[in-house]
Amino acid sequence: EEIHNTSEQYGLRSRLFCLSQTDKKFSIDREKLVVIICSTTGDGDPPDTVLKFWRRFKKKTLPNTHLSAVRFTVLGLGDSNYGNFCRMGKLLDARCSELGATHFYPSGYADDGVGLEIVIDPWIRGLWIALRVEMGLSDLPPDVAVNGE
């Protein structure tokens, strides 16, 4: 929500969806630019809100061009104290690529075991620049600091 709520100050319009809204309001194959933020629960399990989406998304019947018009990035949230660190984020990243989507920004994997902000803060700062470049906008607006100051 923080990224969505802040997007206008970076000169961007965003829409916020939960993956649980599958086919109601949100269908990933109809999007052009997607930022996926997903946690992992327990030992690599998906959150309950992702289960229905994931069941459909991992179907082998989807063609490898299903997401060919989609540019994406993933921020996975996990805890390295568990064996399957950021598993859901990594699975979503891999599946998007398998279905033909391409990265516009490198995916990030934040670790609650050492402090999520160590990855999240710099990843989000870089995300704003990558989004603006992807949208054909130059630099950041003059009233926005990239270094978080």
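Which side chains does a polar contact of 3.0 Å join? Keep that in mind for the first close-up of this predicted model.

**View 1. S7 and the residues around it.** The polar contact of 3.0 Å runs between the side chains of S7 and S14. You'll find S7 in the loop between α1 (2-6) and β1. Buried or exposed, what is S7? S7 is buried, because its relative accessibility is 4% and the cut-off for buried is under 20%. If you skip residues up to four places away in sequence, S7 touches L12, R13, S14 and W128.

**View 2. The largest nonpolar core.** This core is made of 19 residues. Inside it, the residues with the most contacts are I28, I36, F57, L67, L92 and C96. Four elements each supply two or more residues to this core: the strands β1 (33-39) and β2 (71-78), plus the helices α2 (51-57) and α3 (87-98).

**View 3. F57 and its contacts.** Now zoom in on F57, one of the residues with the most contacts inside the largest core. Setting aside neighbours within four places in sequence, F57 makes contact with I28, L62, L67, L92, R95, C96 and L99.

**View 4. C86 and its positive phi.** C86 sits in the loop between β2 and α3. Its phi is near 55 degrees, which is a positive value in a residue that isn't glycine. C86 also counts as buried, because its relative accessible area is 1% and buried means under 20%.

Definitions and conventions: Residues are numbered from 1 along each chain as its sequence is written. This is a predicted model: local features need pLDDT of at least 70, side-chain atom pairs count only at pLDDT 80 or more; totals for chains, interfaces and linings use all residues. Side-chain values use heavy atoms; hydrogens and water are left out. A nonpolar core is a set of buried Ala, Val, Leu, Ile, Met, Phe, Trp, Tyr and Cys residues joined through side-chain atoms within 4.5 Å. Buried means under 20% relative accessible area, exposed over 50%, partly exposed in between (1.4 Å probe, protein chains only). Contact means heavy atoms within 4.5 Å. A polar contact is a pair of N or O atoms within 3.5 Å; within protein, one must be able to donate a hydrogen and the other to accept it, and residues adjacent in sequence count only if both atoms are side-chain atoms.
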